[in-house]
Amino acid sequence: DNTAGQNVFLGYIAGYNNTSGASNVYIGNQVANESLTTSNNVYIGQAAGFWQRVGGNNTFIGFNANGQSFNFTTNYANVSVGSQAGFSLDAGSSNTFIGTNSGFNNSSGEGNIFIGYNAGYSNTISSAQVIIGSRTDNLAPWIYGDLNTGRVGINKSSPAVMLDVVGAAVFTGAVTSSGTLTANAGILTTTITAVNVASGRS
């Protein structure tokens, strides 16, 4: 029996199995159908959060957003916006998935930020990652970040330094370095003023 209050359930069997979860808003057919004790959630869209049973402070918006999470037991403070965003998440928290299929296969990550269609689609358990944009050729995302190391990659998913760029770069303003400026197998052109300049070529 539902012993909780301050819930809003609107849609065919929305929140059907809720027992003690409170302060939830479920809108759509089969939304949070298997929810038992979850509280302080907002789910909007058919089958959004369908299998979530325990957790709280989540926002799922979109068809099947976090819809497969059968073992959803310790998930809190996740935001999934988009059709099937965060579809497989069942043991993670503090994730932000925005875009259709974003974070689709991530099951237990924490503190991830995936933005864009299919962003982080194949990412399964990683945490503290930032993925913006996806590539149809299965190569590195447009922008990748590691929140633990502070490293950022552009067209590179494993940045070796603080900013790791694969491809050409054009700067219209000044480029300042307090360290060594290095060119590997390339040529440094135009006027360079620096204390330490190292080049792969003379």
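In what order do the eleven strands of the open sheet stand?

**View 1. The open sheet of the predicted model.** The order is β1-β2-β3-β5-β7-β8-β9-β10-β11-β12-β13, and the pairing is mixed. Strands (DSSP runs of E, at least two residues, numbered from the N terminus) count as paired if DSSP finds at least two bridges between them. Strands β1 (8-10) and β13 (163-165) are at the edges with a single partner strand each, so one side of each has no neighbour in the sheet. From one strand to the next, the twist averages 5°; the axes behind this angle are lines fitted to C-alpha atoms, and angles run from 0 to 180 degrees between N-to-C directions. The protein has 15 strands and zero helices; a helix would be a DSSP run of H or I of at least four residues.

This is a predicted model, in which local features need pLDDT of at least 70 and side-chain atom pairs count only at pLDDT 80 or more, while totals for chains, interfaces and linings use all residues. Residues are numbered from 1 along each chain as its sequence is written, and side-chain values use heavy atoms, with hydrogens and water left out.

**View 2. The rings of Tyr43 and Phe60.** The structure holds seven aromatic pairs. Rings of Phe, Tyr and Trp (its six-membered ring) pair if their centres lie within 6.5 Å; planes under 30 degrees apart count as stacked, over 60 as edge-to-face and the rest as tilted. The ring centres of Tyr43 and Phe60 are 4.7 Å apart and the planes are at 10°, so this pair is stacked. Because Tyr43 is in strand β3 (residues 42-44) and Phe60 is in strand β5 (residues 59-61), the pair ties together parts 17 residues apart in sequence. Tyr43 and Phe60 are both buried, a word used for under 20% relative accessible area, with exposed for over 50% and partly exposed in between (1.4 Å probe, protein chains only). Ring pairs also link Tyr43 and Phe60 with Phe9 and Tyr26 into a cluster.

**View 3. The rings of Phe87 and Phe104.** Here the ring centres lie 4.8 Å apart with the planes at 10°, so Phe87 and Phe104 are stacked. Phe87 belongs to the loop between β7 (79-81) and β8 (96-98), and Phe104 to the loop between β8 and β9 (113-115), so the pair links distant parts of the chain, 17 residues apart. Phe87 is buried at 11% relative accessibility, and Phe104 is buried at 13%.

**View 4. Asn75 and its surroundings.** Asn75 is part of strand β6 (residues 75-76). With a relative accessible area of 0%, Asn75 is buried. A polar atom of the Asn75 side chain lies 3.3 Å from the backbone nitrogen of Ala91.

**View 5. Strands β10, β11 and β12.** Strands β10 (residues 129-132) and β11 (residues 143-146) run antiparallel and are joined by four bridges. Val130 stands opposite Gly145 in β11. Val152 is found in strand β12 (residues 151-154) and is partly exposed at 30% relative accessibility. Among the contacts of Val152, leaving aside neighbours within four places in sequence, are Ile143, Tyr144, Gly145 and Leu163. The C-alpha atoms of Val152 and Gln129 are separated by 10.0 Å.

Conventions:
Contact means heavy atoms within 4.5 Å. A polar contact is a pair of N or O atoms within 3.5 Å; within protein, one must be able to donate a hydrogen and the other to accept it, and residues adjacent in sequence count only if both atoms are side-chain atoms.
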